[in-house]
Amino acid sequence: MKPPSNTNTPLSVGEQWTAWATAAQAGDKAAYNKLLRAIAPFIRNFIVGKLANPDWAEDITQEVLISVHKSLNTYSPDRPFRPWLMAIVSFRKIDFLRKHYSARGDKQSSLEDPSFIQNHVTNPTHAGEYKDVEKALKALPAKQREVFELIKIQGYTAKEVAEKTGMSVSAVKVSAHRTMVKLKDKFG
Amino acid sequence: MSEPSVDDMINSLTDELEPVKPMAHPMARALPWMIGAAVYAWFVVHHIGLRPDSLEKLSDLHFLFENMLVGLVGISAALCACWLCVPDMRGQKWIIAVPFSFLAVFFLWGGLRSLIEGVHMETAHFGHCMGDGFWIAIVPAAIMVFLSTGGATTRPFLSAFMASLSVASFGYIGLHFTCMMDTVGHAMVYHLIPFVLLGMALGLIARRLYRW
């Protein structure tokens, strides 16, 4: 898609980016600066809602900007700029998350760690609901809460919980189930 | 607006900007490779020695069909490898389906042949075929790896696979003209082993190889 030659016609955002990218390939630093300043918030806003930690958006945005810089020669001026950019954004986002999870960065915090929610809960805006669940759990009888936490949060089997608490396996299952029903009723 | 760190980076990247020549169209990159690989393979095959019945084989429809099919796999894989050098594949992701479709037909063809003719996995010329395959494919493989790593792929494993597939196809056709064993077992297993190994090696290092 070539940018329109008539400069009096206002360009759409996509056309403007295409024009700037084409000028940047020719070495126009001003156009390149404008392009990077225009796409940086776009990239950030696009990915921030898809990440567990909003700080990652900053890191990924920087990686995308570097990638755009390194691969500017692969952009073809006869094509729109945005699909080319989005392919890079998607690639860098997946690459970042792959590295994060393969380094088991998501396994290195405990539930007691206050930064856990900030860094690892998919949507931090739900942190308030998490607190509500915690509050509801605290309101349960100690034994019932212990069984529920062991089986549903810490991932023990009913048999293991039964051995740990001295209850029968069926009593453990019934207790966990009743707690779950109670919580569901509470939170709709 | 952006954080100061992003601002700093933008200023730094702007300072570093040099004029760049847009990468040639993928077709313009793939075509010279295909012609070069075919010419090179032809010279190597002549140097190794054409199979004695090669002229007769040129009138064998099954032989011609198989080579044409493998040729289509190779051409489409080479095109796909070059298209993959562009992050968004120029919006033509359907190209990926083409080599896979031809490859599926090739395996179907091999399956039918093995049902009708039997597999017959002779190993007599294994070492000889492996060596010949190596010489037929080494230069096109090196150039293809150079070509495909020259871009900015967002699919490193697929790029490695397409590069291997394109080289394997040219090597397979070349070996058809040097080796007289046309049985399915020999041709589809022993002729392809070096290329499968090449593909596995490229796959193992794909992320590093195609890093940008």
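1. A salt bridge is taken here as a side-chain nitrogen of Lys or Arg within 4 Å of a carboxyl oxygen of Asp or Glu. By this criterion, E66(B) forms a salt bridge with R113(B), and the closest N and O atoms are 2.6 Å apart. E66(B) belongs to helix α4 of chain B and R113(B) to helix α5 of chain B, so the pair ties together parts that are 47 residues apart in sequence. Both E66(B) and R113(B) are buried, a term that denotes under 20% relative accessible area, with exposed meaning over 50% and partly exposed the range in between (1.4 Å probe, protein chains only).

2. The model is predicted, and local features need pLDDT of at least 70, side-chain atom pairs count only at pLDDT 80 or more, and totals for chains, interfaces and linings use all residues. Residues are numbered from 1 along each chain as its sequence is written, chains are lettered from A and ligands numbered from 1 in the order in which they are written, and side-chain values use heavy atoms, without hydrogens and water.

3. As to confidence, the predictor assigns the complex an ipTM of 0.85 and a pTM of 0.74. Chain B has an average pLDDT of 90, and 96% of its residues score at least 70; pLDDT is the predictor's confidence in each residue, from 0 to 100. Helices (H or I, at least four residues) and strands (E, at least two) are DSSP runs, numbered from the N terminus.

4. Chain A comprises domain 1 (13-102) and domain 2 (130-187), with bounds that come from an automatic or database domain assignment. The centres of these two domains of chain A, taken over C-alpha atoms, are separated by 47 Å.

5. Over all chains, the structure holds 13 salt bridges. One of them pairs D88(B) with R79(A), at 3.1 Å between the closest N and O atoms. D88(B) lies in the loop between α4 and α5 (97-117) of chain B and R79(A) in the loop between α3 (54-70) and α4 (81-102) of chain A, so the pair joins two chains. D88(B) is buried at a relative accessible area of 5%, and R79(A) is buried at 17%.

6. Within chain A, R98(A) forms a salt bridge with D95(A), the closest N and O atoms being 2.7 Å apart. The two residues are three apart in helix α4 of chain A, which means a separation of about one helical turn. R98(A) is partly exposed, at 28% relative accessibility, whereas D95(A) is buried, at 10%.

7. In chain B, a network of salt bridges links R51(B), D53(B), K57(B), D60(B) and D182(B).
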